[in-house]
Amino acid sequence: SKIGDCRLILAGYPLTKYKPDEKNKKINPNCYVWMGKSVPDETYSRLKFEKSKNLLIQFERKHVIGLDGAKGMMFPEPRGVSGSPVWHTVGYRNEERILVISGFLLAGVLIEHISEGKCFLATSIDITMEMVIDLHCSEE
């Protein structure tokens with residue numbers, strides 16, 4: 001992965017927050033969006049993941065950072081968010097040291113929550129696209 005120390009934005013629909021409407025036979029999922037930082041290199045080594053293929057994003061359920069920068073939010077159990085996109089923020093810090101986000105780049109696809117590592121595992125978009133191309137070429 002070419003993603004270094006940066007802010008990453010994740011969005012998903014945790015299964016624990018689905019609200020079934022049995023009368024109308026519908027499910028009304030709630031989307032949750034949060035920010036995380038890439039983990040230090042030691043965490044990749046400790047958890048035995050290759051940084052060139054994976055993204056590990058800090059995640060502490062009781063101390064999530066929202067898009068508005070508010071810290072300490074409680075996040076629901078993160079089951080069901082696999083397959084969600086991971087976005088790399090493009091921006092800068094202004095004079096007040098506030099992060100100003102001017103754009104987003106797709107960085108990866110979320111795979112799973114690793115509770116002992118207090119992080120999420122995502123496959124790098126580079127690897128994901130290689131898989132898509134390989135799959136497409138094998139069908140020809």
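This briefing covers the sheet, the nonpolar cores, the salt bridges and the cysteines of one structure. The model is predicted: local features need pLDDT of at least 70, side-chain atom pairs count only at pLDDT 80 or more, and totals for chains, interfaces and linings use all residues. Residues are numbered from 1 along each chain as its sequence is written, and side-chain values use heavy atoms, with hydrogens and water left out.

**Sheet and helix**

- An open sheet is formed by 6 strands in the order β4-β1-β6-β7-β8-β5, with antiparallel pairing; two strands pair if DSSP finds at least two bridges between them.
- Strands (E, at least two residues) and helices (H or I, at least four) are DSSP runs numbered from the N terminus.
- β4 (32–37) and β5 are the edge strands, each pairing on one side only.
- From one strand to the next the twist averages 40°; axes are lines fitted to C-alpha atoms, for helices over the stretch in contact, and angles run from 0 to 180 degrees between N-to-C directions.
- Strand β6 (residues 85–93) runs antiparallel to β7 and is joined to β7 by 9 bridges.
- Opposite Tyr-92 stands Val-100 in β7.
- Helix α2 (residues 125–138) packs on the sheet, where α2 touches β7 and β8, and the direction of α2 makes about 45° with that of β8; contact means heavy atoms within 4.5 Å.

**Nonpolar cores**

- A nonpolar core is a set of buried Ala, Val, Leu, Ile, Met, Phe, Trp, Tyr and Cys residues joined through side-chain atoms within 4.5 Å.
- Buried means under 20% relative accessible area, exposed over 50%, and partly exposed in between (1.4 Å probe, protein chains only).
- The largest core has 14 residues, and Leu-10, Trp-34, Ile-57, Val-86, Leu-110 and Phe-120 have the most contacts inside it.
- Two or more residues of this core come from each of β1 (7–12), β5, β7 (99–114) and β8 (119–124).
- Another core, of 7 residues, lies apart from it and includes Val-39, Tyr-44, Ile-114 and Cys-119.

**Salt bridges**

- The whole structure has 2 salt bridges, each a side-chain nitrogen of Lys or Arg within 4 Å of a carboxyl oxygen of Asp or Glu.
- Lys-51 pairs with Asp-41, with closest N and O atoms 2.7 Å apart.
- Lys-51 lies in the loop between α1 (41–47) and β5 (54–58), and Asp-41 in helix α1, 10 residues apart.
- Glu-50 pairs with Lys-53, with closest N and O atoms 3.9 Å apart.

**Cysteines**

- There are 0 disulfides, a disulfide being a pair of cysteine sulfur atoms within 2.5 Å.
- Cys-119 is buried at 0% relative accessibility, whereas Cys-137 is partly exposed at 44%.
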